[in-house]
Every structure is written in structure tokens, then in C-alpha cells.
Amino acid sequence: MTTAPPAPATAPLTVRPAKSPLPGLLTLSATAFTAVLTELLPAGLLPHMGGGLGVSEGRVGFLVTLYAAASFLSAIPLTALLRGLPRRTVLVGALGGLALADAVTAVSSSYALTCAARLLAGAMGGTLWAMLAGYGARMVPAGRRGRAIAIVLAGITVALSLGVPAGTALAGAVGWRAGFGGLAGLAVLLTLCALRYVPDFPGEPSGGRVPLRRIAALPGIRTVLSVTLLLLLGHQAMYTFLVPFAENCGFGQASPVLFAFGAATVAGIWLAGLLVDRRLRTTLLGALVLIAAVLAALGALGHVPGVLPVAAVLWGAAFGGAPTLIQTALVDVSGPEHADVATSLQATVYNVGIAAGSLTGGVVLENAGAGALPWTALPLVTGAALVVWAARGHGFPVRRQVR
């Protein structure tokens with residue numbers, strides 16, 4: 001049986017800051033918020049940016065794709081390349097790169113230059129996704145690791161549910177260039193906050209660096225990654241096409257449903273933060289079973305008045321907490337010393353799940369209609385729940401093991 005390699009003696013990974021870690025955790029959360037807003041803001045500003053850059057709305061939409069592709073392709077290699085550097089140096093460097101990319105986007109009148117800036121932003125985003133959760137986990141004692149990760153990941157939820165619509169409205173009012181300029185300023189401010197509030201941790205010495213393939217082979221890593229993939233496949237197959245599904249059910253306006261889902265995710269991540277350190281396995285199983293039940297209800301009763309909004313709230317609450325629970329399980333099995341590499345693997349799997357899930361949902365919608373979407377997503381989410389239930393020894397153990 002493969003055992004976790006010992007941490008290098010020269011890298012004191014258990015050092016904790018004497019002062020409260022909350023300002024540092026909030027800085028990491030705000031960093032996640034900024035990265036998400038940088039990624040998705042162009043989607044809400046298609047006509048404005050198209051006019052400013054002299055291109056079609058479709059080509060502006062491609063700017064979101066460029067960011068996602070760069071993030072997907074860079075997460076693992078950049079994490080491997082930067083493993084030896086002090087962690088705060090990498091964090092500050094990524095924030096500086098994000099600030100530069102947003103500043104160039106704000107002033108650029110060239111579509112080609114804007115594309116280059118988006119590639120840089122995506123690479124910085126991929127670096128940040130690979131390190132934020134693990135960084136937060138190392139800032140607190142092992143028994144509070146899950147709550148720290150919940151605080152960090154809350155930045156993503158707040159960005160998706162509130163930041164993107166608010167940022168889109170604000171940028172539409174004051175101009176899209178001012179919107180990206182504001183993001184650049186926020187990244188600079190967060191750089192200063194990181195230097196002030198986020199503790200530094202050493203990188204891995206070259207002599208004690210564990211190869212990526214050995215980290216991927218640690219007991220439980222592949223289990224957690226498979227749950228990530230199955231959940232995202234099922235979720236995206238349904239969520240991406242929630243609007244046509246709502247229309248198919250006779251629900252006139254889909255916006256209230258989307259808002260209900262987004263608001264419920266905030267409650268979900270708060271609840272997960274309360275339970276993750278004490279009941280990780282049970283809470284995740286409950287969340288996955290609830291999502292599966294919601295999908296079954298939508299498939300059988302989606303046309304019944306009132307079912308869709310209630311289902312959206314329950315679905316949002318269950319899904320909102322799932323990333324925190326899965327991420328904490330990943331850090332548990334990898335150990336904080338290998339969390340950056342393990343999280344880079346998860347970021348890649350996450351993006352594969354989003355892309356493949358959306359593609360699957362699109363194919364089903366075109367060939368079988370919106371009514372078939374819940375039945376497509378249901379076996380995938382059920383599969384994720386079964387993997388968690390079966391992983392009693394490694395991945396999602398009955399007795400949580402933290403290092």
C-alpha cells in the first residue's frame with residue numbers, strides 16, 4: 001500500500017501565525033473573488049467591449065474561453081514549476097500578474113493585445129486556484145482546516161452570486177474600461193493586504209520534492225478527484241441549461257430561479273463551514289443525496305407549479321457547500337505540504353467536468369429535449385454519492401484523518 005511520503009525536515013509546515021488568521025483568510029477569499037470576477041466579467045459586457053475593441057460579441061465571448069483555457073492548461077505545470085518558491089512570493093506574484101492583465105485590458109484598443117492579457121490573467125488564475133485552499137489550510141490548526149477553506153472558497157460563491165451581476169451593472173454604468181481598471185486596483189490592494197496579513201510559508205526544497213505522480217497516487221487522491229468529476233459533470237449538464245428547462249416547464253422568467261439558486265449557495269457554504277470539521281463525510285453525503293433528490297423531483301415534477309423554485313433553493317444550498325467539503329477532503333488526504341499540487345490536479349479535473357458536463361447537456365438538449373436533462377444528471381450525481389459512501393477507508397473516511 002502506498003504511504004504518504006514524509007515532509008522534508010527543512011520545511012517547517014506546522015508553523016502557525018501568532019495573530020488571528022482571519023484577516024489573511026479574508027485576503028485569500030477576496031483574491032478568489034477577484035479572479036472569478038476577472039474571468040467572467042466580459043460575458044456581461046459583450047456589446048460594450050465589442051464596440052470598444054471593434055469586434056463582434058462572439059469574439060468578446062471568446063475572451064472568457066481564453067481565460068478558462070489558460071487556467072486549465074497552466075494550473076499543473078506552473079504549480080510544479082513554482083513549488084520551490086516561498087508561498088507568499090507566489091501569491092503576490094500571481095496577484096501582480098492579475099493586476100497587470102486587468103490594467104492592460106482596461107486601456108487596450110487592440111483585440112490581439114486584449115487576448116494576450118486574458119491569457120496572462122488565466123495563467124495567474126490557474127496558479128491561484130492551485131494554492132488558495134491549501135494556503136488557508138496551513139494558516140490554522142488541523143482541527144479548524146475545513147472552516148478556513150470555507151472562508152477562502154466563499155469568495156468564489158460571493159463572486160458568482162453577487163459580484164458578477166453587480167460588477168456587470170456597475171461596469172455597464174461607468175464603462176467597461178473603468179470596470180477592469182477597478183479590478184486592477186483591487187488586485188493591487190490585495191497584494192498589499194497579502195504582504196501585511198498573509199503569513200509566509202517556505203517552498204519545497206528541491207532535494208525533498210515529491211514527484212507529482214507520487215502525490216497523485218496517494219491513497220484517497222483519485223477517489224476525491226473522481227467525486228469532483230462526477231459531481232461537476234452532473235451539475236453542469238443540468239445547470240448550464242436551466243433556462244431552457246424552466247421554459248419547458250412553463251416557468252415564465254428564469255431569472256428568479258437563478259437568483260434563488262445563487263442566494264442559496266451562500267447559505268450552503270456557511271452551513272458547510274459549520275459542519276466540515278466535525279461531520280465532513282456525513283455532510284457531503286447529505287449534500288449529494290439532496291442534489292440527487294432534487295434532480296429526480298425536477299425530472300418527475302418539474303412542470304408542477306412551485307416545484308422549480310423550491311428545487312433551486314435546495315439544489316443551491318447543497319451544491320454551495322460541496323466544494324468546501326471536497327476540497328477539505330483533498331487537503332486531508334494529500335496533507336497541507338502537498339495541497340498545492342493536489343489542488344492543481346483538482347482544478348484541472350474541475351474544468352474538465354465543467355466543459356464535459358456542459359457539452360453533455362447540450363447534446364441531450366438538442367436530441368432529447370430539456371425534459372431529459374435531470375435524468376441525464378441524476379446517475380452522475382448518484383455515482384458521486386456512491387463513491388463517497390464506499391470510500392470509508394481513504395478519501396472520505398468514517399473517522400476523519402488530518403495531518
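Arg145 is buried, because its relative accessibility is 0%. Buried here means under 20% relative accessible area, exposed means over 50%, and partly exposed is in between, with a 1.4 Å probe and protein chains only. What does Arg145 form a salt bridge with? With Asp332, and the closest N and O atoms are 2.8 Å apart. By salt bridge I mean a side-chain nitrogen of Lys or Arg within 4 Å of a carboxyl oxygen of Asp or Glu. Arg145 lies in helix H6 (residues 145-174) and Asp332 in helix H12, so the pair ties together parts that are 187 residues apart in sequence. Helices are DSSP runs of H or I, at least four residues, and are numbered from the N terminus. Asp332 counts as buried too, because its relative accessibility is 7%.

A word on the source. This is a predicted model, where local features need pLDDT of at least 70 and side-chain atom pairs count only at pLDDT 80 or more, while totals for chains, interfaces and linings use all residues. Residues are numbered from 1 along each chain as its sequence is written, and side-chain values use heavy atoms, with hydrogens and water left out.

How confident is the predictor? pLDDT is its confidence in each residue, from 0 to 100. The chain has a mean pLDDT of 86, and 93% of its residues reach 70 or more. Over residues 1-18, pLDDT stays under 50. For that stretch the model has 32 contacts beyond four places in sequence. Contact means heavy atoms within 4.5 Å.

Back to the charges. Side chains of opposite charge can pair when their charged atoms come close. How many salt bridges does the structure hold? It holds 2. Besides Arg145 with Asp332, there is Asp340 with Arg87, at 2.6 Å from N to O. Asp340 sits in helix H13 and Arg87 in helix H4 (residues 87-107), so this pair ties together parts 253 residues apart in sequence. Asp340 is buried, because its relative accessibility is 12%. Arg87 is buried as well, because its value is 7%.

Stay on H13, residues 339-368, for Ser344. Is Ser344 buried or exposed? Buried, because its relative accessibility is 0%. Leaving aside residues up to four places away in sequence, Ser344 touches Ala75, Ile76, Thr79 and Ala130.

Now the nonpolar cores. A core is a set of buried Ala, Val, Leu, Ile, Met, Phe, Trp, Tyr and Cys residues joined through side-chain atoms within 4.5 Å. The largest has 56 residues. Among those with the most contacts inside it are Leu231, Met238 and Trp315. Helices H9 (221-239), H10 (242-248), H11 (255-301), H12 (307-334), H13 and H14 (373-390) each supply at least two residues of this core. H11 gives the largest share, 14 residues. Look at Met238: beyond four places in sequence, its contacts include Phe245, Leu295, Trp315 and Leu373. A second, separate core has 32 residues, including Ala75, Ala94, Leu128 and Phe201.

Next, Ala70 in helix H3 (residues 57-81). Ala70 is buried, because its relative accessibility is 11%. Ala70 touches Leu119, Gly122 and Ala123, not counting residues up to four places away in sequence.

Last stop, Leu195. This residue lies in helix H7 (residues 176-197). Leu195 counts as partly exposed, because its relative accessibility is 47%.

How values were computed:
pLDDT is the predictor's confidence in each residue, from 0 to 100.
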